[in-house]
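The following explanation leads through a single protein chain, from its overall make-up to individual side chains. Please keep the sequence and the structure in view while reading.

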Amino acid sequence: MELIADILLVAGAIGAGFYCFVLGRRLKRFNDLENGVGGAVAVLSAQVDDLSKTLTAAQHAANTSAKTLAELTEKAEQTKRNLELQMAALHDIPQPEEKKPEVKPVIQFPPRPAANEPMFIRRPFEGEA
């Protein structure tokens, strides 16, 4: 009986060894950096590092832009206040009176005819008589 138990124990140990050998090969292929999941994990890890660097740079640029925009906005507000003050000061200045130039008529029109005279009259030219 001991012999049968020893044979079964050796067979179980050989089966477990073969099972471990197959699992080891699968695990080695699984963690292969060229083709397996290990390569995908390595690539994703590198991409995460690149993205975190890019995100840090973008946050720095956004903070710088926000500060610049705030400064420019404040400067624009100050300029607006100055312009409003100058416009209000311009309303207090008296306006100079414009001198209208005297217009002298060049053409002298004859006086209007009386109500009983005809409006159009033919007059002889200087050479006609």
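Predicted model: local features only at pLDDT ≥ 70, side-chain atom pairs only at ≥ 80, totals over all residues.

Residues are numbered from 1 along each chain as its sequence is written, and side-chain values use heavy atoms, with hydrogens and water left out.

The chain contains 2 helices and 0 strands; these are DSSP runs, helices being H or I of at least four residues and strands E of at least two, numbered from the N terminus. Of its 129 residues, 2% are buried. Here buried means under 20% relative accessible area, exposed means over 50%, and partly exposed lies in between (1.4 Å probe, protein chains only). The chain exposes about 13,200 Å², of which carbon and sulfur atoms supply 64%; such areas come from the Shrake-Rupley method with a 1.4 Å probe, and for residues only the protein chains shown count as cover.

Helix H1 has 29 residues and reaches 41 Å from its first C-alpha to its last, close to the 42 Å expected at 1.5 Å a residue. The expected span is 1.5 Å times one less than the number of residues. H1 is hardly covered, with 0 buried residues among its 29.

Phe30 belongs to helix H1 and is partly exposed, at 44% relative accessible area. Leaving aside residues up to four places away in sequence, Phe30 touches Gly36, Val37 and Gly38, a contact being heavy atoms within 4.5 Å. Val37 lies in helix H2 and is partly exposed as well, at 36%.

Which residue forms a salt bridge with Glu77? The partner is Lys80, with the closest N and O atoms 3.9 Å apart. A salt bridge requires a side-chain nitrogen of Lys or Arg within 4 Å of a carboxyl oxygen of Asp or Glu, and by this rule the count is 1. Glu77 and Lys80 are 3 residues apart in helix H2 (residues 37-91), so about one helical turn separates them. An α-helix has 3.6 residues a turn, and residues three or four places apart therefore point the same way. Glu77 is partly exposed at 33% relative accessibility, and Lys80 is partly exposed at 41%.
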